[in-house]
Amino acid sequence: MLQRYCCVSSFFRLFILAVLWGLGSGAAGASPAPEEAADLRLGDDVVPVFQAIHLTVDADQETYRGSVAIELQVKAPVDVFHFHSEGPELTSLRLSTGGETVEVEHAPLGDDVVEVSSKTPLVEGKYLLEIDFTNPFDTKATSLYRATAGEHAYTFTQFEATDAREAFPCWDEPRFKFPYQMTLTVPEKHLAVANMPVESESEADGWRTTVFAKSPPMPSYLLALATGPFEQVDMPGLGVPARILTVQGQIGLTSMAVEVTPPILKALEAYFGSPYPYRKLDFVAVPEFWPGAMENPGLITYVDRLLVIDPETATIRQRRSQAGVIAHELAHQWFGNLVTMEWWDDLWLNESFADWMGDKITHQLFPELGVDISSTMAGQRIMVADARETSVAIRQPITKTEKIMQDLGLAYSKGKNVLAMFESRLGEETFRKGVLDYLKAREWKNATADDLWRALSKASGQPIDQALATFIDQPGVPRISVESIGEGKVRLSQERFRNFGANSKDLQWKVPVILRFGSGDMAHTKAVLLDRPTLEVDLGVDGPLQWLHPNGETRGYYRWSVSADALKALTTDGLPHLSAVERINLVTNSSALLQAGEIDGGTFLEVLTQLAGDPEPMVVSAVVGELGLVDVAFVPDSLQDAYGSWIDAAFSPALDRFGKEKQSGEAETVALVRPMLLRLMAREAEDQEVLDHFRKMGKTLLKEPSAVDPTLAGLALWAVVKDGDAEMFDEMQKRAETAETPTLRSRYLSALGAFEDPALQNRAMTYALEGPIRPNEIFNVVGGIARNEEGQDRLFQFVMDNWDALGEKLPAQFRSFMPGMAGGCSKERLQVAEDFFSKPEHQGPGVERSMERVRETVRDCVALRERESEAVSAFLEAYGG
């Protein structure tokens, strides 16, 4: 499953950003919460070995019916056993053995478990459990759900983590991994697809029954199906039958996915040393889909705009997202599907590995997309959340289903970067050997993270499991201090990185450190393992150090600090020797030091000023990315003019070099930073020339979309609508509702939240709830309103006023993220949130834990503002004057 904010809905992007900034879990080291009763886990005395599922599905109806036949192995005498079922109405249940009926009774046990009891104990042996049921389709895009597109209805599934039980009775835990066989009966005019290829088909009385082949062993969360009047196109060159399915009218925009998938799959087969492990490969473009993508074997589902892209207007961001997500999901076919986690406490590894591998393969095949640098930047961002007191360890015991997805954004983003760090430490081939040994030993079975660590330790001959545990089993980020002690030696010291005023428990790590340094006009590299509080390192040079970067290659998951003189030497003498990712690390690490109180606001802005004109577009992008911190914490209305003057002075050289419009022969990544620079000039520097330029471009866009650079289309549309009236709002609404592609629909829905008129913002929020849009588009409409403190207040008020209505439209787990709407730098909004979420009707699983994160983020922001406003004001006023 993929939940990357770069490629999912604006709604999910909003919440993933909330996770990245620390809005999703409980406090580490805080007073423990009252222990909750664990969910019932199914026992091991009665286990399934095969399940047949037959569903009769008509997407044009509100309900469906079905039956399951589950072959059981009773391993010890029992008179009670359990299975999962949450929602289906069980109309009959029969248990038999050897053709003889066993008299049993069944009753619900909690919300999602059914207990089957026998008057006489079941003896060891084989049994058959048969259940008939009926069920309404889900309406929130989870489990087996119904969605409409145009004039047609379709059904889709999303079962991870525990929603298969809402579709049919099953053993819904990942450790139960066994074969399934799906049979679907649908109207003749509809196509039915599932994980496996078709075994047989028959038609009768206007219905088509499709029997799919028996699957290899798999867990219930990877089962998938889709039905409806799909269009389809073949994907040749994959070694197995493959195709893409879309809703009506979209199949002509899938050529990019057809082209990019074969090389990605071949590269993955080469890395894993084995062919794709399933018999066919279907991609389904889903119009209503929360996760972004899901790795179901043989039937991978994607939110439609990842697959349905007009190649004539595709941006680098769309190309990068498409390739990266496809690579991520295909990597899961080995890591996650062929070998599956034993329990949900290793879901982080499932996702971390696929994300790491997806980036690795995408960069290997398409280096021009800059995925290597963007992945490094994402690793730097995740440390912001992990540095907070409320951070938690990647691997945690999962005892309740609602905790499965908590902190997943933090866990798999951090996990991906930890894997990259240790691959660098071991070497690519050694790391790969450990991975392959792990997969070979556990194929078609379950495994734990410890199985992988042991394989890596054996392959490398190093106790790598011990070092990994310090990053996996405890929260936080190491802070590495480097001090020159003369004679070509340095002293490394480690402690836990803390934001200013935090009291996080001190911890120790075994940290792979790479030092890059200059001596004698040469750049050198030294790799060490810092496995103790302090370590002296001989760098092996005779002359004095001219400069030193403590995170060479930026592979390390740690923050660092050096003396003021050493930092100055690094940003002057060292800068020409640093790679792009090392310069980005200089920017992001300076931001962290600011929040830790180790450098002042003026020094931080000096670093940004120095690197704002960097020749590498992605470095400039990183600098722009840090302005969110500056804008939120330090720029009141009284400083807006001075801030705009600094923006103009610092970033105009980069914009002049890259140009306002695409240049012949420019690097692909320029197209990523150009809109960011132009937005800065238009919004912050209030450059009238730029704003007029984009208003003109926006008017052209509305008349002839193909005449405008697609990378600038969003900015051009914003320039047109920001001061727009009700008539313009009507036009954006009409364009959204009649858009022919997912990209255009998303663009116009986002425009509804870009109007600055408060009355139109209120209208956008009303439309988000009451208009003809899908639930996963709600925050695509209103997300843009939260672009300043006033808008964030308005959006949070919308959430509070419509708490029940939102709850009816959104999956239950999303309520736990809602406190994140109160984040930012406003103590007043935080108090409103405290009052709102203190009421019993607004509480629920994960809500209070999210509030802990909100309290910390607001506290840190307010403290930073109070501590550094004077230094920042003095710096900016020098430009304003």
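Helices (H or I, at least four residues) and strands (E, at least two) are DSSP runs, numbered from the N terminus. Keep that in mind for every label I use today.

This is a predicted model: local features need pLDDT of at least 70, side-chain atom pairs count only at pLDDT 80 or more, and totals for chains, interfaces and linings use all residues. Residues are numbered from 1 along each chain as its sequence is written, and side-chain values use heavy atoms, with hydrogens and water left out.

Let's begin with a sheet. Five strands form an open sheet, and the order is S16-S17-S18-S20-S19. Its pairing is mixed. Two strands count as paired if DSSP finds at least two bridges between them. Strands of a sheet pair through backbone hydrogen bonds, either parallel or antiparallel. Which strands sit at the edges? They are S16 and S19 (293–294), and each pairs on one side only.

Walk across from S16. Strand S16 (residues 231–234) runs antiparallel to S17, and four bridges join them. Val 233 stands opposite Ile 244 in S17. Next, S17 pairs with S18 (residues 281–286) in the parallel sense, over four bridges. There, Arg 243 has Asp 282 in S18 as its bridge partner. Then S18 pairs with S20 (residues 299–303), again parallel, over five bridges. Val 286 has Val 303 in S20 as its bridge partner.

A helix joins in. H4 (residues 316–332) packs on this sheet and touches S18, S19 and S20. Contact here means heavy atoms within 4.5 Å. The direction of H4 makes about 150° with that of S20. Axes are lines fitted to C-alpha atoms, for helices over the stretch in contact, and angles run from 0 to 180 degrees between N-to-C directions.

Now look at S17 itself. Is S17 (residues 242–246) mostly covered or uncovered? Mostly covered: five of its five residues are buried. Buried means under 20% relative accessible area, exposed means over 50%, and partly exposed is in between (1.4 Å probe, protein chains only). In a regular strand the side chains alternate between the two faces of the sheet. In S17, Ala 242, Ile 244 and Thr 246 point one way. Arg 243 and Leu 245 point the other way. Both sets are buried.

On to a pair of helices. H6 (residues 371–386) packs with H14 (residues 617–625) at an angle of about 25°, and their axes are 10 Å apart. That makes H6 roughly parallel to H14. The cut-offs: under 35 degrees is roughly parallel, over 145 roughly antiparallel, 65 to 115 roughly perpendicular, and the rest oblique. Which residues meet? From H6, Ile 373, Ser 374 and Met 377; from H14, Met 618, Ser 621 and Ala 622. By class, that contact has four nonpolar, two polar and no charged residues. Nonpolar covers Ala, Val, Leu, Ile, Met, Phe, Trp, Tyr, Cys and Pro; charged covers Asp, Glu, Lys and Arg; the others, Gly among them, are polar.

Find Gly 370, in the loop between H5 (347–365) and H6. At 5% relative accessibility, Gly 370 counts as buried. Leaving out residues up to four places away in sequence, Gly 370 touches Arg 320, Met 618 and Thr 669. Gly 370 and Arg 320 are 50 residues apart in sequence, yet 8.4 Å apart in space, C-alpha to C-alpha.

Most residues other than glycine have a negative phi, and most peptide bonds are trans. Where is the cis peptide bond? Between Glu 160 and Ala 161, with omega about 10°. Ala 161 is in the loop between S10 (152–158) and S11 (180–187).

Trp 444 has phi near 65°. Trp 444 lies in the loop between H8 (428–442) and S22 (446–447). At 27% relative accessibility, Trp 444 is partly exposed. Glu 686 has phi near 50°. Glu 686 sits in the loop between H17 (670–683) and H18 (688–703). With a relative accessible area of 53%, Glu 686 is exposed.

S13 (residues 198–204) and S14 (residues 207–212) pair in the antiparallel sense over six bridges. Glu 203 stands opposite Arg 208 in S14. Two residues lie between the strands, and Asp 205 takes a positive phi near 55°.
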